[in-house]
Amino acid sequence: MRARRQSGTPAAARTARGTRRAAAGVLLALPLVLAAACGQPDPSGGGRTAGPGDGAGAGPSPSLLNVVFLAEGECSTRGRQSFDEVPCGSERAVAKVLLRFHGGTEDGPVCPARTDFLLHITERPDGVGDTGDGGSDARRGYACMRNLEPPHPGDPGGGGGPRTIAGDCVRLTRKNEVREVSCAESAVPAPEFKVIKAVAKRSACPTSTDLYVRLGGDKPTGCARRL
């Protein structure tokens with residue numbers, strides 16, 4: 001599974017009863033693209049890989065074919081290297097799918113604004129998960145996840161999540177790049193700019209804007225002020 005920043009039209013099918021598992025990675029705060037008030041944006045990204053797997057042995061029964069692992073509205077556990085799909089009422093449930101898409105993040109819709117982490121998922125046609133590329137017939141997609149309880153790094157000022165949104169803070173790392181960080185006064189490293197507004201066009205930013213941050217979505221430009 002690869003965890004990447006996005007700059008979600010989900011499948012609505014329900015999974016069969018029982019637990020299904022996926023090896024997965026949790027999205028960390030990665031560099032975002034920005035441009036200073038007089039500069040130009042410069043794309044960047046990164047991540048790591050993982051995917052779903054339901055163990056060794058014979059393939060699933062016909063009733064399990066073509067079902068969706070972690071469909072929209074379903075819940076999962078959260079482990080260091082894997083995620084199990086469980087009922088949302090289970091005491092083991094820790095996160096819920098806000099949006100599910102079959103395809104790459106470059107082709108699909110952006111995750112909802114308050115997504116806490118992003119899972120990249122690979123499923124073979126027989127329903128068996130694969131931590132590699134799964135072969136030419138593999139079905140690839142991603143799930144936008146929200147923790148059922150705090151912390152919520154995807155909330156404004158939370159310092160994480162696959163997207164940067166209005167209310168988030170960032171810090172310069174290299175020329176024309178920033179990293180999202182917590183807005184808390186005790187945050188280490190300390191924030192340098194705060195995104196005060198998301199707009200459709202750069203010209204809609206306030207004149208006091210010090211930095212333009214590429215956010216993605218229908219309002220792709222973030223207007224940021226120096227703290």
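Predicted model: local features only at pLDDT ≥ 70, side-chain atom pairs only at ≥ 80, totals over all residues.

Student: Why is the peptide bond from V188 to P189 called cis?
Tutor: Look at the omega angle: for the bond from V188 to P189 it is near 0 degrees, and the bond is cis. Most peptide bonds are trans. The bond from P150 to P151 is also cis, with omega near 10 degrees, and P151 is found in the loop between β7 and β8 (169-174).

Student: What makes the phi of L70 worth a remark?
Tutor: L70 has a positive phi of about 55 degrees and is not a glycine. Most residues other than glycine have a negative phi. You will find L70 in the loop between β2 (31-36) and β3 (75-76).

Student: Why is L70 called buried?
Tutor: Buried means under 20% relative accessible area. L70 has a relative accessible area of 0%, so L70 is buried.

Student: And why does G216 count as buried?
Tutor: The cut-off is again under 20%. G216 has 7% relative accessibility and therefore counts as buried. G216 is placed in the loop between β11 (211-214) and β12 (221-226). Its C-alpha atom is separated by 9.7 Å from that of A200, 16 residues apart along the chain.

Student: Which residues form the largest nonpolar core?
Tutor: It has 10 residues: F69, L70, F83, A95, V97, F117, L119, I121, A143 and M145. To belong, such residues must be buried and joined through side-chain atoms within 4.5 Å. Two or more residues each come from β5 (95-101), β6 (117-123) and β7 (139-147), and β6 gives the largest share, 3 residues. Apart from this core lies another of 8 residues, including V170, F193, V195 and L211.

Student: How do you know that β6 is mostly covered?
Tutor: By counting: 7 of the 7 residues of β6 are buried. F117, L119, I121 and E123 point one way, while L118, H120 and T122 point the other way, and all are buried. In a regular strand the side chains alternate between the two faces of the sheet.

Student: What makes β6 and β7 a strand pair?
Tutor: Two strands pair if there are at least two bridges between them. β6 and β7 are joined by 7 bridges and run antiparallel, so they meet that condition. Within this pair, E123 stands opposite R139 in β7.

Note on methods
Residues numbered from 1 in each chain as written. Heavy atoms only, no water. Buried < 20%, exposed > 50% of the residue type's maximum accessible area, 1.4 Å probe, protein only. Helix = DSSP H or I, 4+ residues; strand = E, 2+ residues; numbered from the N terminus.
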